[in-house]
Amino acid sequence: MKRNRKRLVFFGCLTLCMMLVIFLFSAQDGTESGGLSAWLMQSAFGRLLLRILPPLSDQGMDHDLRKYAHMAEFAMLAMPAFGFFRELLPGQRRWPAFLTGLLFCFLYACSDEFHQLFVPGRAGMFSDVLIDTVGVLFGLTGACALSFLRKEPQ
């Protein structure tokens, strides 16, 4: 199948934009990040999320909301990354794009946590890489399902 340059550029730009958003969130120091979390917890949307989503730990709602935010931002990175690799790789098959997207997003999650080691009040933790990767798996599964429902070639 012939590659579609417009789709490649579109998904590439979306992927880069999401990487920039993640980088900017990670560049916030501990006080800024905590303030954003507090604002979200006090919002109606945040309270609704915490009622719907199951608790992840016994460390409190703020901790859980932060972890869900990690998953969400990396799910939003994985979806355009899947589209990008689907257009980039020969044959435009789902599984190679899924696996390449998984590796790419995992490595970006590692670099994100490494970046946080140098931000005051933040800590880079491998457990966050694993949480990010769960979000990536959700995003890639959703992108694959959409591809399947649209009856795109394997």
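**Exercise 1. Describe the second largest pocket of this predicted model.**

Solution. 
Step 1: volume. The second largest pocket holds about 220 Å³ of space.
Step 2: elements. Helix 1, helix 4 and helix 6 each give two or more residues to this lining. Helix 4 gives the most, with five residues.
Step 3: classes. Count as charged Asp, Glu, Lys and Arg. The lining of the second largest pocket then has four charged residues, beside six nonpolar and two polar ones.

**Exercise 2. Find the volume of the largest pocket and the residues nearest its centre.**

Solution. 
Step 1: volume. The largest pocket has about 840 Å³.
Step 2: lining. 35 residues line the largest pocket. Those nearest its centre are Leu65, Arg66, Ala69, His70 and Glu73.

**Exercise 3. Which elements give two or more residues to the lining of the largest pocket, and which gives the most?**

Solution. 
Step 1: list the elements. They are helix 1 (5-26), helix 2 (30-42), helix 3 (44-52), helix 4 (61-88) and helix 6 (126-149).
Step 2: pick the top contributor. Helix 4 gives the most to the largest pocket, with 12 residues. Helix 4 also gives the most to the second largest pocket.

**Exercise 4. Sort the lining of the largest pocket by residue class.**

Solution. 
Step 1: nonpolar. This class has 20 residues of the lining.
Step 2: polar. Here the count is 10.

How values were computed. Residues are numbered from 1 along each chain as its sequence is written. This is a predicted model: local features need pLDDT of at least 70, side-chain atom pairs count only at pLDDT 80 or more; totals for chains, interfaces and linings use all residues. Side-chain values use heavy atoms; hydrogens and water are left out. On a 1 Å grid over the protein atoms alone, a cavity is a set of points where a 1.4 Å probe fits but cannot get out, and a pocket is an open set with protein on both sides within 12 Å along at least five of seven lines; lining residues have an atom within 4 Å of a point. Grid points are joined across faces, edges and corners, and a volume is the space filled by probe spheres set on the points. Helices (H or I, at least four residues) and strands (E, at least two) are DSSP runs, numbered from the N terminus.
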